[in-house]
Amino acid sequence: MNWLKGAASDTQITHGNRLWLYVLSGLVMIFLVAPTVIVIPMSFSESQYLEFPPREWSVRWYEHYFQSEQWISATLTSLTAACLTALVATPLGTMAAYGLFVSNVRFAHLVFIILISPMMVPVILVGIGVFYAYVKLKMVHTIFGLVLAHSILAIPLVLIVVSSALRSYDMNQEMVARSLGATRLRAFMVITLPQIKFAVITSTLLSFLTSFDEVIIAMFVSGGDNSTLTRNMFNALRDQIDPTIASISTIMVLISSVLLICTQVFGKSKKEH
Amino acid sequence: MSAADTIATTESPRAETSERPHADGLKRDAFLERMRLFGLCSPALLLVLVIMVIPVGWLFYLSFLSDEGTFSLEHYQRMIDSKSYARIFRTTFEVSILTTVICVLIGYPLAYFLAQLPSRAANICLLTVLLPFWTSLLVRTYAWLVLLQRKGLINSWAIDLGLWDEPVKLVHNLNGTLIGMVHIMLPFLVLPVYGSMKAIDKDYLKAAANCGASPTQAFWQVFFPLSLPGLFAGALIVFVLCLGFFVTPAVLGGGRVIMVAMRIADNIEIFFNWGAASALGVVLLLLTMGILYVSSKLLKLDRILGGGSHT
């Protein structure tokens, strides 16, 4: 156990002195990851009461999910809304980030605050506000309305991620392209966009997830044939613990993990260049 | 934003070909160009205005209307008079403060641990913070519901290990709500704190050690004060997000923990009382904005929010 006496940092503390820190951090990391991970084996349990480890393995809760027309249609609604949200929020957010960055107007800061405000206003308030407006506009229970509402939640994320990428980008490159005769649009597409594409991809994935995981707005403005997956899950959770939700949760955890790994891989390849 | 010089250089190639090489014309050109570029924000701005700002403004108006449609302060008056509203606000603050304190107590050491790791190990360990961050809030709340229930994993393991003799009520009360909310909020604290710790120059600590500080002194007198801006920012984000929380207390609180956001939803879904819901919403919004505004004045928060992306 010699490493315990070794230096642990730039001060003269040893690993032994800091053992408590390692134990505490380990426990907190387990606390963070365990619940999400443990749902996966539990979803393969045969029993009505989710067990860990399952005494008998089965896929009955997955069958239950895939055979339920209601769950499948809700999943399709959620996927459609999430894809459309990513398609709306990413270009709008990127345009706004670029516009604010290069225009340098005096009130740019104020506009930035307005654009990221949906992140700070309590979602419940956005939810009932949107609900009220959609009742008047007859847009309740439409995917179109849901996508617009989810987009304003996703735009702040796009704006923050793309703005921080632009800040570390040398705008003179675009100037060179323009002085050689490229239009601003072409210079952006050919020179700038490829260099901030990792930020744009990350924003797209974040926008997708923002919409896919959103509960509160969906609770108010989605419904009928266009109920989202999260809305149905939330309603099911308030009544009882339905094991089918464990199988849906597993699928959702897998989707998030794949997207997270994508961003990590993109991030890595960015550093290597 | 450092685009002033960019604009200046933009105009020089155009100046040579411009038919009006006068200073005024150039200035106007530059101004128009900037306005055109600024126009790129307009679709996003329009969307935020139409979908959020106008409806929320409308709710603000509704909160001052009585049930007969005349101007009145009755919805606000009710909030002051009624004991049940006082209890809801107390619960909301209690839960938010407790969640923030627990997040700071366990999140700060974790961020410190991560900040000291070599970068490869730190990236792997950071995934344990990012994975829950990317996972649906509803899925995580559900997972806790399953783990904490009467016959759930935590109870059965604790009984097997002899920690307690019979199932303890861990969920459908304040305990469950706190566990779930700490789990959901922890990444919001750890990521900014980690970021601010990584920005601290390690030479300061070497200098402190050189001047005879013990490791404990070097930490408390040098490192800790330097990490405070990140800690305040993280704690603030956690606290403000907690104030508006809905899903987790609704599922894990089992009706015993009623927070403001839940009451707003009930006012709409059960009582159809838009005025009361709007008034509560306005109070929640003003609280949130007030706290954010005061702290941004104190902490220069916009710098952290603008540059503190976790990706």
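Into which domains is chain B divided? Chain B is divided into domain 1 (4-62) and domain 2 (74-307), with bounds that come from an automatic or database domain assignment. The model is predicted, so that local features need pLDDT of at least 70 and side-chain atom pairs count only at pLDDT 80 or more, whereas totals for chains, interfaces and linings use all residues. Residues are numbered from 1 along each chain as its sequence is written, and chains are lettered from A and ligands numbered from 1 in the order in which they are written.

View 1. Chain A has 12 helices and zero strands, where helices (H or I, at least four residues) and strands (E, at least two) are DSSP runs numbered from the N terminus. Along the principal axes, the C-alpha atoms of chain A fill a box of roughly 70 × 70 × 30 Å. The domain assignment of chain A gives domain 1 (2-61) and domain 2 (69-272), and the C-alpha centres of these two domains lie 31 Å apart. Eight residues of domain 1 of chain A are in contact with seven residues of domain 2 of chain A, contact being counted if the C-beta atoms of two residues, placed from the backbone, lie within 7 Å. On the domain 1 side, helix α1 (residues 19-42) of chain A gives the largest share, four residues, and that side has five nonpolar, three polar and no charged residues (Ala, Val, Leu, Ile, Met, Phe, Trp, Tyr, Cys and Pro count as nonpolar, Asp, Glu, Lys and Arg as charged, and the others, Gly among them, as polar).

**View 2. The contact between chains A and B.** The contact takes 83 residues from chain A and 80 residues from chain B. α3(B) gives the most to the side of chain B that touches chain A, with 11 residues, and by class this side has 58 nonpolar, 17 polar and five charged residues.

**View 3. Helix α5 of chain A against helix α3 of chain B.** Helix α5 (residues 123-137) of chain A and helix α3 (residues 42-62) of chain B pack at an angle of about 85°, with their axes 8 Å apart; axes are lines fitted to C-alpha atoms, for helices over the stretch in contact, and angles run from 0 to 180 degrees between N-to-C directions. That angle makes α5(A) roughly perpendicular to α3(B) (under 35 degrees counts as roughly parallel, over 145 as roughly antiparallel, 65 to 115 as roughly perpendicular and the rest as oblique). Residues of α5(A) including A:L125, A:I128 and A:Y132 meet residues of α3(B) including B:M52, B:P55 and B:W58, and the contact has 12 nonpolar, one polar and no charged residues.

**View 4. Helices α10 and α11 of chain B.** The axes of helix α10 (residues 202-210) of chain B and helix α11 (residues 215-243) of chain B come within 10 Å and cross at roughly 140°, which makes α10(B) oblique to α11(B). The contact is made by B:Y204, B:L205, B:A208 and B:A209 of α10(B) and by B:A218, B:V222 and B:F223 of α11(B), and by class it has seven nonpolar, no polar and no charged residues.
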